[in-house]
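Work through the exercises below with the structure in view. Try each task before reading its solution.

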Amino acid sequence: MVRRIDVTGAGGVSLAAWEFGDPPKTGDMVDDPTADRTGEGAADRAADGSGEGARRPGVLLLHGLMGRASHWAPTARWLSERHRAVALDQRGHGQSAKPEQAAYTREAYVEDAEAAIEQLGLAPVVLIGHAMGALTAWQLAARRPDLVRGLIVCDMRASALGAASQREWESWFKAWPLPFATLADVRKWFGEDDPWVERPNPSRGEFYAEVMHEGSDGWRPVFDPAQMLKTRESWVYDAHWEELTQVRCPTLVVRGLDGELGRAESQEMVRVLPHGRYAEVADAGHLVHYDQPDAWRSAIEPFLDGLSD
């Protein structure tokens, strides 16, 4: 079962959180982000985190730039067997609000995650973040150690990427052949034809198909690319090593062997973390949890089990 829980983020921005539990019984109505790419539908909403799941250890899953909560669905479903697993659509993403005048800063994203933990009653929580979501997670863990009991960082660099990287992203967004006529075209372009794809990658195509919605002229992203660039500007020019040194909870750094986080940098991250550990997933790129869901589970489950001991 998946239910939507509305959260109020920094500056009053409306955020959609998704709690995963047992599969729905026949006739149950849910607004499942894994099945609804249009951003519309009937929601089984809850105002708070009360109920059976509230007594389980909390886990909050934070997607990366351009992602959405549904990308965590396979992970959240097995987590829900023993945890209260909630995935958050971050501001500007998924079914959360995308106000043009809202702040798309590091501070805002961290405050949103903090608000979700407190409003949903998840503390002390395990934070699991991919890419941008991982940066948000370790910045929050550094700032609010009282809220976080464990942290998993998936394929996010701590070093500055610089202006050249931001220019590459600007050019990449301009290269998207929008609108796409069909979802099959989305899958093919992002999985095969995108100049950034070195070899066919069907899971990458599926990943981007999940963040498209259909309009009168075809399929476009549910997010505003300009907002994504603005969001990325809030971290791309800076290094984030100092915050890592301030994370006091046990932390697992996970990388895909073909991902964006190199082995040397990931091991240096583990070294500077007070309680850092390391794992890697073979045959996985940047989308580690999406490329290899079974290997991803094998990499992180022992760490989670250790937190429960």
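Buried means under 20% relative accessible area, exposed means over 50%, and partly exposed lies in between. Keep in mind that this is a predicted model.

**Exercise 1. Find how many residues of strand E1 are buried.**

Step 1. Locate strand E1 at residues 2-8.
Step 2. Apply the cut-off: 5 of its 7 residues are buried. The strand is mostly covered.
Step 3. Of its 309 residues, 54% count as buried.

**Exercise 2. Describe how E1 and E2 pair.**

Step 1. Find strand E2 at residues 14-20.
Step 2. Check the sense. E1 and E2 run antiparallel and share 7 bridges.
Step 3. Look at the turn. The hairpin has 5 residues between the strands, and Gly11 has a positive phi near 70 degrees.
Step 4. Pick out a facing pair. Arg3 stands opposite Glu19 in E2.

**Exercise 3. State whether Glu19 is buried or exposed, and list side chains it contacts.**

Step 1. Read its accessibility. Glu19 has 10% relative accessibility, so it counts as buried.
Step 2. The side chains of Glu19 and Arg3 make a polar contact of 2.8 Å.
Step 3. The Arg84 side chain makes a polar contact of 3.0 Å with that of Glu19.

**Exercise 4. Explore the largest nonpolar core.**

Step 1. Take its size: 67 residues.
Step 2. Name the residues with the most contacts inside it. They are Leu60, Met66, Trp138 and Trp176.
Step 3. Find the largest contributor. Helix H3, residues 132-143, supplies 8 residues.
Step 4. Look elsewhere. Another core, of 30 residues, lies apart from the largest one. Among its members are Ala16, Trp72, Leu79 and Cys154.

**Exercise 5. Explain why the pair Arg199 and Asp258 ties together parts that are apart in sequence.**

Step 1. Side chains of opposite charge can pair when their charged atoms come close.
Step 2. Check the distance. Arg199 and Asp258 form a salt bridge at 3.4 Å, N to O.
Step 3. Arg199 is in the loop between helices H5 and H6, and Asp258 is in the loop between strand E10 and helix H9, so the pair links parts 59 residues apart in sequence.
Step 4. Judge the cover. Arg199 is exposed at 53%, while Asp258 is partly exposed at 47%.

**Exercise 6. Which residues do salt bridges with shared partners join into one network?**

Step 1. Collect the members: Glu107, Glu114, Glu118, Arg143, Arg144 and Asp146.
Step 2. Inspect one link. Asp146 and Arg144 form a salt bridge, with their closest N and O atoms 2.6 Å apart.
Step 3. Check Arg144. It has 19% relative accessibility, so it counts as buried.
Step 4. Finish with the total. The count comes to 20 salt bridges.

Notes
Residues are numbered from 1 along each chain as its sequence is written. This is a predicted model: local features need pLDDT of at least 70, side-chain atom pairs count only at pLDDT 80 or more; totals for chains, interfaces and linings use all residues. Side-chain values use heavy atoms; hydrogens and water are left out. A nonpolar core is a set of buried Ala, Val, Leu, Ile, Met, Phe, Trp, Tyr and Cys residues joined through side-chain atoms within 4.5 Å. Buried means under 20% relative accessible area, exposed over 50%, partly exposed in between (1.4 Å probe, protein chains only). Helices (H or I, at least four residues) and strands (E, at least two) are DSSP runs, numbered from the N terminus. A polar contact is a pair of N or O atoms within 3.5 Å; within protein, one must be able to donate a hydrogen and the other to accept it, and residues adjacent in sequence count only if both atoms are side-chain atoms. Two strands pair if DSSP finds at least two bridges between them. A salt bridge is a side-chain nitrogen of Lys or Arg within 4 Å of a carboxyl oxygen of Asp or Glu.
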